[in-house]
Amino acid sequence: MIEAHHLTKVFRDKKRGKIFATNDVSFRAPPGQIYGLLGANGAGKTTTLRMLATLLTPTTGSATVAGFDIVREPEKARANVGFLAASTALYARLTAREMITYFGRLNGMADAAIRERIKQLSAELDMDEFLDRRCDKFSTGMKQKTSIARMLIHDPAVMIFDEPTLGLDVMTARAIVRFVRDCRGRGKTVIYSTHVMSEVEKLCDTIGIIHDGKLLAEGTLAELRTRFGETDMEEVFVKAVGGEGEP
Amino acid sequence: MNLRNIVTVYLKELRDSLRDRRTLMSTIFIPALVMPLLTFGVGKIMSGVIKTAREDIPTVAIIGGDDSPAVVAALKKSDKMKVVEKPTDYEKAIGDKQLKVAINLPAGFEAGLKVGAAPAVKVYYYQGELKSENGARVVERFLTDLREQTVADRLTEHALPKTLARPFEFQRENVARPEKVGGNLFGGFVPYLIIILCFSGAMYPAMDLTAGEKERGTMETLLCSPVARVDIVLGKFLMVLTGSLSAMCFMLISMGVTAAVGGSLMIGGATTTRMAVGTTPAQAATGPIPMIDPMGLVGVLGMVFPVAVMFAAVAFTVALFAKSYKEAQSYLAPMMIVVILPAVIGMLPGIDLNARLAFVPLLNLSLVCKEMLSGVWHWHYIAIIFGSSCVYAAVALSLAVRMFKREDVIFRA
């Protein structure tokens, strides 16, 4: 379960002054569901997710992740989170096994448990062939599988995906989408940020539309369609953010 | 702080770094090669050049001397120089390195010798040009011999003993112990090398583990783990420190091996100066064989440790601020000058350790190492320097931890 309460993050810029990356964002993502955070580039999706993953501290507001407060108990919150983003890369000089083992240890797992879990994940994700090869020689698909295994090694209750299909080819992106759906099937709390409308339509149980740091609309796909009188998700999004604005 | 997490991070970084060519170059290969290269490469070339210059028979032009046939004949007869035709412009010829030396025998020189009123002889040479300076030395030796011979002839002429002009002889005798000689010779040079290698050894792991990770996107991956930031900093910092210390250790091992294998020629090889670690006094007594006090080396290692910690923490902090490996390089490369400067000052003769200098970072290390390698142990200064270095190291390390906790640094874009 994720519960965000009035999350606000302010960055200070010498030229532009105060910048509200997120402004009073509140939402709730229950287990066994996918919460989609839909927004354009720079809308505040990554900042929101980084705060939930405790990589950033909110300026005001707070959130609980798997029952732990992200400000007061960031390490405990992180121990229950699996975070995957386009920006979370692999150690090129380590093998996939070494990479996953490392994160297993960082999550406090014993070596025997890590070995067992790697065996299981490798079978599930079809990684046997490249498990002992160095990550710098991997194709994009292999990298994504290794990242997923790294994310799942400690079997977290909450999964956060920040534009995980960004820059991926169709087949790899489909595999990711399939995997996200599996997580929901396993009863995980999933939060998925994207600016791709079709992914939101296919995946998300609840959608939050974020723009200029504010959560402007929230609901199921059907609710949003009804509220904005549009069937096409792109039109719904444009209406929710108040039009197309200046090009 | 969790020791298990620190060790986990450290071991991963160690494994990763051992697979990084740039880190291996700066922490193992270059430190291991620097002494053999200096000794057998640069040293050998230098001594070869000096030897060739010294064995070179200089070309000498005689200006004037028409009324001094005996002196001219003696100059031409000398096998230490080659008298050549006087060029039209001898100064230009020396400047163009076509002629090494010119000797000006003024009019009436030989006649003046006989009556004891010879005018001064001038020797023209090219200052800073090794062969020309050597030629000038040969000509001056000839003139000294001529002067002494003239004195001897006059004494004989007046039936006086030669001891009248040379009443006694003297001789130099070295009383400094071999390790003091070695300490004075290498005492400035060794800390200089250690300081540079310690810093460069820390530089590359620091850049790779901070800015490099940010650039490659693995920093965010790591920060997603439940490990406390301070544990991550300490694990990474220990790796940077390992790089710094391994650079120093490989340099010292290589220095010992080079010396043992027959490290001649590093400094003034042509004069058969040799460096030896652990040479016995009996061996030293047989000739000028400077050696480095092994206890001095141990002392140097002890004194360098907190400085290596400081280097590792500073390099880590500076590199952490950068967005990319390249940016980190542009910050840390100029810092090398800041590091070298006090080390160079410490090498200068005449700069001695005092209470004020004992607080100046790096310069204090350079000076105290020079003393320890010469077998001088000023314990109060050693305590001040070790203590102050520890304080500087602690401050640098706490700064590294604080920087790592700053979001605007970690996610600087």
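Me: Why is B:K97 called exposed?

Reply: This is a predicted model. B:K97 has 11 C-beta neighbours inside 10 Å. The cut-off for exposed is 12 or fewer, so B:K97 counts as exposed.

Me: Where does B:K97 sit?

Reply: B:K97 is in the loop between α4 (90-95) and β3 (101-105) of chain B. Its phi is positive, about 65 degrees, although B:K97 is not a glycine.

Me: What makes A:H6 partly exposed?

Reply: A:H6 has 14 C-beta neighbours inside 10 Å. Exposed needs 12 or fewer, and buried needs 20 or more. The value falls in between, so A:H6 counts as partly exposed. A:H6 lies in strand β1 (residues 2-13) of chain A. A:H6 also has a positive phi, of about 50 degrees, and is not a glycine.

Me: How do you know that B:E110 is partly exposed?

Reply: The count for B:E110 is 16 C-beta neighbours inside 10 Å. B:E110 belongs to helix α5 (residues 109-115) of chain B.

Me: Which residues does B:E110 touch, leaving out those up to four places away in sequence?

Reply: B:E110 touches B:D67, B:S68, B:A70 and B:V71. B:E110 and B:G65 are 45 residues apart in sequence, yet 8.4 Å apart in space, C-alpha to C-alpha.

Me: What puts the buried residues of α9(A) on the same side?

Reply: The buried residues in helix α9 (residues 233-240) of chain A are A:M233, A:V236, A:F237 and A:A240. They cover an arc of only 100 degrees around the axis, which puts them on the same side of α9(A). An α-helix has 3.6 residues a turn, so residues three or four places apart point the same way.

Me: What covers the buried residues of α9(A)?

Reply: The cover includes β3 (33-38), α7 (197-203), β9 (206-211), β10 (214-219) and α8 (221-228) of chain A. Just after α9(A), A:G242 takes a positive phi of about 90 degrees.

Me: What makes β2 and β4 of chain B edge strands?

Reply: Four strands form an open sheet in the order β2-β1-β3-β4 (chain B), with mixed pairing. β2 (82-84) and β4 (122-124) of chain B each pair on one side only.

Me: How do you know that β3(B) and β4(B) pair?

Reply: Pairing takes at least two bridges. β3(B) and β4(B) have 3 bridges, in the antiparallel sense. In β4(B), B:K122 is the bridge partner of B:N104.

Me: Which helix packs on the sheet and touches β1, β2 and β3 of chain B?

Reply: Helix α3 (residues 69-77) of chain B does. Its direction makes about 170 degrees with that of β1(B). Helix α6 (residues 130-157) of chain B lies across β1, β3 and β4 of chain B, at about 35 degrees to β3(B).

Me: Which residues have the most contacts inside the largest nonpolar core?

Reply: They are A:L52, B:C198, B:A312, B:A313, B:A315 and B:A319, in a core of 150 residues. Helix α13 (residues 294-321) of chain B gives the largest share, 16 residues. A second, separate core has 17 residues, including B:V71 and B:Y125.

Me: How many residues of chain B are in contact with chain A?

Reply: 18 residues of chain B are in contact with 22 residues of chain A. The side of chain B that touches chain A divides into 5 nonpolar, 6 polar and 7 charged residues.

Definitions and conventions
Residues numbered from 1 in each chain as written. Chains lettered and ligands numbered in written order. Predicted model: local features only at pLDDT ≥ 70, side-chain atom pairs only at ≥ 80, totals over all residues. Helix = DSSP H or I, 4+ residues; strand = E, 2+ residues; numbered from the N terminus. Arc of directions from axis to C-beta. Contact = placed C-beta atoms within 7 Å. Core = buried A, V, L, I, M, F, W, Y, C linked by C-beta atoms within 7 Å. Nonpolar A, V, L, I, M, F, W, Y, C, P; charged D, E, K, R; others polar. Axes fitted to C-alpha atoms, helices over the stretch in contact; angles between N-to-C directions.
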